[in-house]
Amino acid sequence: MEPSVLVSLLIVLGLAAAIPVVMVILGRAFGPKRPTEVKYSVYECGLEPPVDARRRFTVKFYEVAVLFVVFDVEVAFLFPWALLFKKSSGFLFFGEMIVFLGILGVGLFYVIKRGALEWE
Amino acid sequence: MESYFTFVSSVLGFEPTSLLGFVGAIAVWAVPITAFVSVVGLVSIWLERKISAHIQCRVGPMEVGPHGALQTLADGIKLLGKEDLVPAQADRILFGLAPMLVFASTFVGFAVIPFSQKAVIADLNLGIFFLAAVGSLEAIGVVMAGWSSNNKWSLFGAIRAATQVVSYEIPLGLSLLAVVVVAGSMSLNDITQAQSGWVWNWFLFRNPFMWAVFLIYFIASLAECKRAPFDLPEAESELVSGFHTEYSGMRFAIFFLAEYGAMYIVSAIAVVLFFGGWYTGIPFLDHISGSIGGTTGVVVENLIGAGTIIVKSFLLICVQMWIRWTLPRIRLDQMMDLCLKYLLPFSLVLLVAVSLWQAFQGPIDGGNSVMGMIMLAATVASLIWMRRLAGRVSKASALRRELPVVKTGL
């Protein structure tokens, strides 16, 4: 990989940061600025929100997050394996992956059977 | 291989080493990519309104420009003149940062999508991995937007979006892995070049499991883009507008642009991974520089390539829109069930099947064309069969077609 690839990636990253900033500045420049108290209140159909929005939410979402960490790390680990698969000897390499996937598959089966993914 | 940088510099006569040449090269990159992202946004928003209108027996926007083609531009100018609101209770820093993060995660993806063999800004050899990594940054931006707004609709939308995006990332990643196993490379350029030649060399027809891998990728990418039937984070009837309820003016426009940019990104990835990227599927057209010769030949070849991948991607975007305006939104529990109980085990099995196929085939790539032709024939046959089936179903609902076309401007 030539260094110009990384330079061009950096340029695109810079652009990605600059474009929204320019858009917001343009919006501020052209848009009106007439603040009223109602306008800056929470979108709640004109009612005063009875409670703060930042409250606790159901634990189900945390379960999904834990599952995500397990399986996404698995996918990340499999990328080098997949990259080398074509150049490898084939079946031994395949077997190693099966052991890895098998353990995770058993885990997934357990999670489903225990009903961790049931949403009432 | 000559990069886009040196190629464009040599065509335009820049000296890449001098300072002027460097500034020129930045302009050569920056202007087209920015213009392209905006044009993709404008065209796909117009397409969405036209397609939704025609599906619902309307005509959609007609007034601004031919067939309303400039309507999106007019809307953008209108958004420019709107007040930039930050709610009083909002966390101002995160509220400002969120649309930028969402936009950046989409925009950076455009850097590694190849338009032709040479017209790719950064030909990373970790292309797919990079796209998966920056794509998941979007979830953080969405959660930031929902949390900082201090509005319960925004927060619910953000939680739903985060759950959906992270869980569909797993089947998405597994289907990317299946393609990496077949291609033996993560560079989008190498993957495309492995599909050169006739149509049946495309990865979609490489082995009997690729169609299923593509379908899983497509479903997961719909969820990643928060498109219907997975538009729970923005469910208008439940959550006002989801995580961007409190956003107005240009900040809202940034979210909107990023959303339609992401649709192009996922479609372009699908085209590169399964539909032969910039290759037309006709070897003569793909190597036209051999028969024209010189710089003209190279330019024409690259233009054909860029046109091909853009047309293919927009066809997939049209399919995404067709699905959005055909299927009803699913519930949260159905969404999670579909991902973790069906797509995830199924994509694990598919990964095993694809790698087993590859292991039997060994490092020799013989027999790919024969397999490809068989798969292409099977695909065409099943498409004809499905068309027949659909014809029989739609005859039963022929009444719908007799409804009068109502002319409205949306």
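**Figure 1. Chain B, a chain of helices.** Chain B has 15 helices and zero strands. Here helices (H or I, at least four residues) and strands (E, at least two) are DSSP runs, numbered from the N terminus. Of the 410 residues in chain B, 50% are buried. A residue counts as buried if 20 or more other C-beta atoms lie within 10 Å of its own, exposed if 12 or fewer, and partly exposed in between, with C-beta atoms placed from the backbone. Now for the contacts in chain B with a separation of 6 or more: 79% of them join residues 24 or more positions apart. Two residues are in contact if their C-beta atoms, placed from the backbone, lie within 7 Å.

This is a predicted model, in which local features need pLDDT of at least 70, side-chain atom pairs count only at pLDDT 80 or more, and totals for chains, interfaces and linings use all residues. Residues are numbered from 1 along each chain as its sequence is written, while chains are lettered from A and ligands numbered from 1 in the order in which they are written.

**Figure 2. How confident is the predictor?** The score to look at is pLDDT, the predictor's confidence in each residue, from 0 to 100. Chain B has a mean pLDDT of 81, with 87% of its residues at 70 or more. Where pLDDT is low, the predicted coordinates should not be read in detail. Chain A averages 79, and 92% of its residues score at least 70. For the complex, the predictor gives an ipTM of 0.85 and a pTM of 0.85.

**Figure 3. Chain A, three helices in a row.** Along the sequence, chain A reads α-α-α, with zero strands. What is its radius of gyration, next to that of a compact globule of 120 residues? Chain A has 25 Å, whereas the globule would have a value near 14 Å. The radius is taken over C-alpha atoms, and the globule rule is 2.2 Å times the number of residues to the power 0.38. The C-alpha trace of chain A spans about 70 × 55 × 15 Å along its principal axes, and 18% of the 120 residues count as buried. Take a look at helix α3 (residues 91–113) of chain A: its 23 residues should span 33 Å at 1.5 Å a residue, and its end C-alpha atoms are 31 Å apart, which agrees. That expected span is 1.5 Å times one less than the number of residues. Just after α3(A), A:G115 takes a positive phi of about 80°.

**Figure 4. Where the two chains touch.** Here 71 residues of chain B are in contact with 58 residues of chain A. On the chain B side, the elements giving two or more residues are α2 (19–55), α4 (92–109), α6, α10 (249–274) and α14 (332–361). Sorted by class, that side of chain B has 44 nonpolar, 16 polar and 11 charged residues. For this count, Ala, Val, Leu, Ile, Met, Phe, Trp, Tyr, Cys and Pro are nonpolar, Asp, Glu, Lys and Arg are charged, and the others, Gly among them, are polar.

**Figure 5. Inside the largest nonpolar core.** This core has 136 residues, and those with the most contacts inside it are B:F103, B:A158, B:L177, B:A178 and B:V180. Helix α6 (residues 152–183) of chain B gives the most to this core, with 21 residues. A nonpolar core is a set of buried Ala, Val, Leu, Ile, Met, Phe, Trp, Tyr and Cys residues joined through C-beta atoms within 7 Å. Not counting residues up to four places away in sequence, B:V180 touches A:F79, A:A82, A:L83, B:I128 and B:M186. As for α4(B), 13 of its 18 residues are buried, so this helix is largely enclosed by the rest of the structure.

**Figure 6. Two loop residues with a positive phi.** Most residues other than glycine have a negative phi. B:C57 is not a glycine, yet its phi is positive, at about 60°. Find B:C57 in the loop between α2 and α3 (71–80) of chain B. Buried or exposed: which is B:C57? B:C57 is exposed, with 12 other C-beta atoms within 10 Å. B:N150, in the loop between α5 (127–149) and α6 of chain B, also has a positive phi, near 55°. B:N150 counts as buried, with 20 C-beta neighbours inside 10 Å.
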